[in-house]
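Dear colleague,

Please find below the structure that I am handing over to you. My notes on it follow directly after.

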There are 2 protein chains.
Amino acid sequence: MDISNINPKPVYREERFRTPMNAERDIGLWVDRIGQNKCRSEIPRLRVLGQYAAVYIDEGEGTFTSPVTGRIPLHPCRAILLFPEIPTAYYPKTEWQTRWIVWNGPDAFTLERLGYLRQDSPIIHDSLQAVSQAHKRLESLMTQEDLAAVLERKNIVLELVRRLFLMSRGKQQTGVLNEQMEEAVEFLRRSFNKEFSIEDLAHRFACSATHFRRTFHAYTGRSPREFITSLRISQAKELLMQGKSIKQTAQLVGYQDVLYFLRVFKKTTGFSPKRFVHAAHLH
Amino acid sequence: MDISNINPKPVYREERFRTPMNAERDIGLWVDRIGQNKCRSEIPRLRVLGQYAAVYIDEGEGTFTSPVTGRIPLHPCRAILLFPEIPTAYYPKTEWQTRWIVWNGPDAFTLERLGYLRQDSPIIHDSLQAVSQAHKRLESLMTQEDLAAVLERKNIVLELVRRLFLMSRGKQQTGVLNEQMEEAVEFLRRSFNKEFSIEDLAHRFACSATHFRRTFHAYTGRSPREFITSLRISQAKELLMQGKSIKQTAQLVGYQDVLYFLRVFKKTTGFSPKRFVHAAHLH
């Protein structure tokens, strides 16, 4: 069986694969390979990679297309995100030079589910530093086989994802919304122990409660109500550690009903306040 | 109910708690709190923290004790690792100054299971830079509530664990063994496509096959046999991508039996060679 000539002949090409087993799989996220090439125009063909990848265009123009986004023109210094199940084609107008990092594992899917990687925003601007640094650090690590290298490769990809997420968020039309959400977080941080409704809060930002809740959740990963509970219980932990009584603490963080406070504290921390103070002391 | 006076009064104390919810829990590892204090000698008391912690001694001498390790004297510039279920006591001779980072989540337990954190080596030398940097970066991040901060906090802890692991490994009597294992990895990298037994290999390092397997697994997270398979399949991927036939590839990486190669390739990558080449091409 001859399977050569399926792919176009590149001008040059360098690629290094890994085949993760055991510890590298158990850690939840691994680098499958890194590579780079310079190649000429080819016939566009939709492919399903089955893994996550970031492809960075060092030089050249081209086109990206997928059923989720349609056709998007590509310019140098853009990174393309590829998703495991999305048929994608991308190709140079005449010739280009690219680098890529491919990763996989259950944690990679979790990152997508939590909104760090978005199928509808696969093109990321100004990502040279993030991709270059990750690519360079991985180059020397790809052939290292000890447990420290396994964790380091994972950390490099997580940091790459975080930086691509920050850059992609900065460029979206949500820029203004992000500022509003920072304001909302600051407001809640000052007022978490007072009584107010989400409707009042939404009104401050001239939007509906539904819209406010959705935007807040996309920004923080929590509903406004959950966020308030989180602030209240965090503050309660500090007060309890300082020696305040349960009753005092409950009132200071905004719970008039001590029994309700006890229930919420237990549910979010797994401990009663008394057991918490006994167990949690560090010095 | 008054729960003050359970803990000794510190000279000074600063601690900041978080209460993770939703996205922060779903991401698998979160920072519960960071803190620092200067405190006087107290009555030693075994506690079960229920979380992971690194406590760094900036100044002062003291004692650490747990059922796993017995009593260990503590000196400045040491970090102490605390494990969720291990009753532990640690305390200054007269007075000391410490900083701590507390984390939790399923990924934290995975890191322990994979050998990155070891209950029998809870004291880590020369860890100033690792703990200081993590503590400092977390200080400004503890009150940030957006999704990027959630991922950054996780990444900081993963990087801290990796650095503590490297330092703790360097100090163990396994130092010589690590060098031997690096040598073994290098040997396998050169000889992965040849036929040899693990017994021959163990003989080179003047130890029994059982001992060799155990040490190799602790160092790489894989058995020697799995490691060889991983190298063979990684090399096979590169050869297939270069256009080599399946038969040529199988022989070049050390499989005389093409059907057996096909089976191993499918099992470790999830794809047949043909589908792999179709799907995997990046450019």
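I begin with R162(B), which is buried, with a relative accessible area of 9%; buried means under 20% relative accessible area, exposed over 50%, and partly exposed in between (1.4 Å probe, protein chains only). The side chain of R162(B) meets that of E159(B) in a salt bridge (2.7 Å, N to O), the term standing for a side-chain nitrogen of Lys or Arg within 4 Å of a carboxyl oxygen of Asp or Glu. Both residues lie in helix α4 (residues 147-171) of chain B, 3 residues apart, about one turn of the helix. Salt bridges that share partners also join R18(A), E24(A), E145(A), R153(A), E186(B), R189(B) and R222(B) into one network.

Please note that this is a predicted model, in which local features need pLDDT of at least 70 and side-chain atom pairs count only at pLDDT 80 or more, while totals for chains, interfaces and linings use all residues. Residues are numbered from 1 along each chain as its sequence is written, chains are lettered from A and ligands numbered from 1 in the order in which they are written, and side-chain values use heavy atoms, with hydrogens and water left out. Helices (H or I, at least four residues) and strands (E, at least two) are DSSP runs, numbered from the N terminus.

In the interface, 97 residues of chain A are in contact (heavy atoms within 4.5 Å) with 97 residues of chain B. The copies meet through the same surface, because 100% of the interface residues of chain A are also interface residues in chain B. The area buried between the two chains is about 8,300 Å², of which carbon and sulfur atoms give 58%; this is the accessible area (1.4 Å probe) lost on putting the parts together, summed over both.

Between chain A and chain B there are 12 salt bridges, and one of the pairs is R189(A) with E145(B) (3.5 Å, N to O).

D107(B), in helix α2 (residues 106-113) of chain B, is buried at 15% relative accessible area. Beyond its neighbours within four places in sequence, D107(B) has contacts that include D107(A), K154(A) and K154(B).

In helix α11 (residues 273-280) of chain B, P273(B), F276(B), V277(B), A279(B) and A280(B) are buried. These residues pack against β1 (12-17) and β2 (30-40) of chain A together with α8 (224-241), α9 (246-252) and α10 (258-269) of chain B.

Other local features

Over all chains, the count comes to 40 salt bridges. D120(B) and R118(B) form one of them, with the closest N and O atoms 2.9 Å apart; D120(B) is partly exposed at 46%, as is R118(B) at 36%.

A search of the whole structure finds 0 disulfides, a disulfide being a pair of cysteine sulfur atoms within 2.5 Å. For C39(A), the nearest cysteine sulfur is that of C77(A), 17 Å away.

With kind regards
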